[in-house]
Structure formats: structure tokens, C-alpha cells
Amino acid sequence: MTLPEFTLLRPRNLPEAIDSLDRHRGDIQVIAGGTDLVPSLKQRLFAPRYLLDLKPIRDLRGIRNGHGLTIGAMTTVGAIADSPLVAEKFPVLAAAAAAIASPVLRTTGTLGGNLCLDTRCLWYNQSPFWRASCGFCLKKDGKVCHVAPGGEKCWAVFSGDTAPALLALGAEIEIASPRASRRLPLADFYTGDGMARIKLAGDEILTRVHLPESSAGLRGAYFKYRLRGSIDYPLAGVAVALDLAPDGTCRRGALAVTALNPKPQLIPGAEAALRGSRLSDDLLDRLAELTNRAIKPLSTSASTPDYRRHIARVFVRRAVRQAWQA
Amino acid sequence: MRKELVDLSINGRRHELAVEPNRTLLDVLREDLRLTGTKCGCDDSSCGACTVVVDGQPMLSCLLLAVSYQDSQIQTIESLATQGELGALQRGFVQEGGSQCGFCTPGMVMSLHTLLESTADPTEEEVRAAISGNICRCTGYMQICRAVRHAVAEIREEEIREKERLHA
Ligand SMILES: Cc1cc2nc3c(=O)[nH]c(=O)nc-3n(C[C@H](O)[C@H](O)[C@H](O)COP(=O)(O)OP(=O)(O)OC[C@H]3O[C@@H](n4cnc5c(N)ncnc54)[C@H](O)[C@@H]3O)c2cc1C
Ligand code: SF4
Ligand code: FES
Ligand code: FES
């Protein structure tokens, strides 16, 4: 399939990039690795007049060790998966990055792109011909949602793997804009709306991800459900990070999910349930139930909502147990 | 659309050509440079047939914008044979039946080529992981894994012979 026509802008530095975004507002889109965007352009989900290539901006790349860890938005997810530093300090992030797509995509896809990923739906990620034959849908060119007809909301699912790991670790993100650059908890970045998925203005760029030193060394596990063992996007993903006292009680912990809602999210109540607890079937049941309440899988993918709900509960139990006993 | 004059480094040779910014590297390789070894399986970034090596790493050429990779060293399947003779990995595919219809083969070989560059004697698990983004509809993958074993053994024998020659 051919790509739509566009002009490719290659800024040499961040101010130049922001300036271009500002100038062509509404008609320009950022391209990082392009592993999500290029297939979507081929499907005509977007047709911007300008694409802004972030690859030439060198200082958006790399993993910096300091107080915690700072990862540039243009660092590839493969570099994160292979980094001994990440594996040692933040094992749950290493596991999540290693579960993304396939080796030939991880060399290209970036962390920034992974966090800004467009939401996905069976009715949306299709060719124009396919979408036209169904009368399109709310998210693009149409008037109804085929998943929840009658509603006004799009339920397309956020399907990135690193977000739940970063949420469980309490990561913050840095955003550059023509105004002052800002820093916010990753948890505040997502809207929960399948259409306007992230709180990022058209003239802003995600530049860095900060992992706090207080989360360094947390035990972690990431469990992912996908149709095949490789290549596929997650259809449910569960990340857990735990700090255990020497006697095995949990001092602090967090549980987060992806690919089950229009946004990746921390499970409300999980931190309180984990704090001061010991590993028990009761605790695992409670965490599974809290997850069950927080998720709303719908018929947006090739797997059924019931199965995804089931597997999410199973994975919560497995992930917490594995992290605890690691 | 306006074409851009680009300078691509492919298999150690520089190619100057005019391309539109919306052309993928895969299209430019196959259509403009007639390097048709690299295959287009899905054109949707999901099969691995179009895998080429960019700066030492395997990537899907059907999603790379050609104009964005002017500062990179690009390597395609055409680079693996020397003076018309197949490389060890390619000979492994022939010997072990690792290639049937052949459509996935160039991508498979490029993924495995990068593996062997970093890991001289990979484990079975490493071989399987390296091709986990390359789909083959014919062989069932076992022959491909054996092809790697074959190549590793051949390379090692060649090294031993080379050493003996030097000592003689
Ligand atoms: C076959 C296939 C399978 C995949 N499987 C998975 C999977 O299992 N798990 C998974 O998580 N992902 C998967 N992906 C998606 C993708 O490969 C990864 O999420 C990758 O990390 C995306 O990064 P990118 O740099 O390629 O993003 P791009 O495609 O370049 O960008 C994605 C989106 O983010 C925006 N964006 C990118 N960077 C920035 C930035 N710095 N600031 C602001 N906006 C930005 C872009 O405008 C675009 O809207 C898959 C893709 C394919 C094709
Ligand atoms: S959830 Fe509804 S509106 Fe959103 S992409 Fe799917 S069908 Fe379209
Ligand atoms: S042709 Fe590129 S992945 Fe299939
Ligand atoms: S040999 Fe036919 S697809 Fe692999």
C-alpha cells in the first residue's frame, strides 16, 4: 500500500522541532520509529501534510543513570529490553519492553512512541475499503461505535506494553512545548477516551521518562496475553512492582494493567491491599477482584471480552506470586 | 509530490537517487535499485519478509521512510554472497531445506545474520528468539534452526582449517 503524500521535516534540535509543530499546527504529526504510525498512514487513519521526524535529534536518545534513571523518548524499546542497567534496577520495565512486538520491530520502535501509541480496535485498524464497508466508526470518519452502539464514547484500547510497568514504578514524563516544558506523573497523561487518548497538545513532544530512585530494585513481573507468542499487541497485560521486607511482608507495591481499557492504569486499592500484607491466596483473590472492577474489556479485538477478563484475573495472581517469589 | 535527492549507503556502495518522501526503503530497494532479493510479504510490518540490516540491526524495510536513512549503513540479502558464492548461512539453508517457496528466506537470513554477528554459537533458544518476528508458512521452522547449526559448524571448521594453514 502506498503512503499518503506528505513533506518530511527533519529538525536538528528540539527548539526547531517545537517551532515546526507550532507553525504547522493541526496539519503535522510526529514520527519516531514509525512502527505504529507508518502502518496507520498506509491505512489512511491519518493523512497529515507534514511529518516531523524526531530521529535526527540526538539528545532524545539514551539511558542516563543518576538519581533514578532517565530514558530519552527516542530510545528504542529494544535498547531498554537489552539494557543490563534497566534489568538490574527496574526488572518489570525490562520484562515489558522485551514483550513488545518482535525483535525486528524492537530495533525501530521507541519508548516515546510506545507511550503515545494510538488506541486500537478491530473496527479501526483496517484498510479504508474494510472500514468503508462497515460505514466507518466514531473514531474515524463515521457516526456510530460498533463496539458500544448508541454511546458517544470510543472504547478503542490502549495497547502499549511499557506503560503499565512504568505506572507501577511511579514514572514521570517530561514534555517540551512552545510554552514552558512540563513534568507530570505518567498516570496523569492518559485520558481514558479512545479518541483523544493522551493529554498532549499538538505542539508538544514527549522528551523523557524519569524513573524514581525510590523504585530502583523493586521486584517485578509482567504478564502479557497475545494470540501468538511473538509479534502481536497485548490483549491484556499486567505489571506488578513490589518492595518486600526481609521477613517477606510487602512494604509497598503497585499493580497496573494495559490493553483492557482505553487507558493503561494503576489498579485502585491495590497499593493499600499490598501494604503490610504477606503472600496468601486471600490477598491474590482480593487483588484479582480489584482488577476485575477496574477493567472493561469490550469486543475491540479478536479475543472475547469474557476471556480477557478471565485471563486478567489469572495474570494478576501469577504476576504477584512470581514477583513475590522471585 | 516533490522528490528529494538522497544518498543511500547500501551494501557498502553509495547510491544517489531522487525519491519521494513517502516511499518506503523496501520500495526504493526493489523498484528503484532493482535489489529484488528483499521481499514484500505483507507491506504491513507484520511478516518479516522485508527484513534488512540497518546499522547492524535487523529492521522491517516496509515501514522505514527511505529519505530518513541517509546516515545509515544498509545491508540487504544481496551482500551475503561473495563473487557469486553463497555465504555459510545461505549454504546452511540450502543443505537443510530451510527454504521452500523462498519468500521468507531473505528476511530470515538477515535476522539470523545479525544474530551470528553478535553470537558466534547461539543456543537453540537464541536462534528461535532471533526469528520470532519472521513468519514462514512452508518449512515449519525446524529446518531453519538446523540451517543455523549447519552454518555455525561450517564456519568453525573453516576457522580451524585457516589456523592450521597459518601454522603449517
Ligand atoms: C506488527 C506489530 C506488532 C506490534 N506489537 C506491539 C506490542 O506487542 N506491544 C506494544 O507495546 N507495541 C506494539 N507495536 C507498536 C510499536 O511497535 C511499539 O509500540 C513502538 O514502541 C512504537 O514506537 P514508535 O517509535 O515506532 O512510534 P511511532 O509509530 O513513531 O509513533 C506512535 C505515535 O506516537 C506519537 N509519538 C511518537 N513519539 C512521540 C514523542 N516523542 N512525542 C509525542 N508524540 C510521539 C506519534 O505521533 C504517533 O501518533 C506493534 C507494531 C506492529 C507493527
Ligand atoms: S471503540 Fe467504537 S468508535 Fe472506537 S474504534 Fe472501535 S468501533 Fe470505532
Ligand atoms: S513486508 Fe514488511 S513486514 Fe511484511
Ligand atoms: S519458505 Fe515459504 S514462507 Fe518460508
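Predicted model: local features only at pLDDT ≥ 70, side-chain atom pairs only at ≥ 80, totals over all residues.
Colleague: Which element of chain A gives the most to the shell around ligand 1?

Modeller: Strand 2 (28–31), helix 7 (111–115) and strand 8 (205–211) of chain A each supply at least two residues of that shell. With three residues, the element that gives the most is helix 7.

Colleague: Why is the site of ligand 1 described as shared between chains?

Modeller: Ligand 1 is surrounded by 36 residues, and Val30(A), Thr35(A), Thr110(A), Asp161(A) and Lys224(A) are the closest. The site is shared because the residues around ligand 1 come from chains A and B.

Colleague: What percentage of the area of ligand 1 does the protein bury?

Modeller: An oxygen atom of ligand 1 lies 2.7 Å from a backbone N or O atom of Gly33(A), and an oxygen atom of the ligand is also 2.7 Å from a side-chain N or O atom of Lys224(A). For Tyr233(A), a side-chain N or O atom is 3.4 Å from a nitrogen atom of ligand 1. Of the 980 Å² that ligand 1 exposes when taken alone, the protein buries 96%.

Colleague: How many charged residues does the shell around ligand 1 have?

Modeller: By class, this shell has 18 nonpolar and 12 polar residues. The charged residues number six.

Colleague: How many nonpolar residues are in the shell around ligand 2?

Modeller: The residues surrounding ligand 2 include Cys121(A), Cys137(A), Cys145(A), His146(A) and Cys154(A). The space that ligand 2 takes is the largest cavity. Its shell has one polar and one charged residue, and the nonpolar residues number 10.

Technical notes:
Residues numbered from 1 in each chain as written. Chains lettered and ligands numbered in written order. Heavy atoms only, no water. Near = heavy atom within 4 Å. Polar contact = N/O pair within 3.5 Å; in protein donor to acceptor, adjacent residues only side chain to side chain. Areas by Shrake-Rupley, 256 points an atom, 1.4 Å probe, with all protein chains shown as cover. Helix = DSSP H or I, 4+ residues; strand = E, 2+ residues; numbered from the N terminus. Nonpolar A, V, L, I, M, F, W, Y, C, P; charged D, E, K, R; others polar. 1 Å grid on protein atoms, 1.4 Å probe; cavity = no way out; pocket = protein on both sides within 12 Å on 5 of 7 lines; lining within 4 Å. Sits in = over half its atoms within 2 Å of the grid points.
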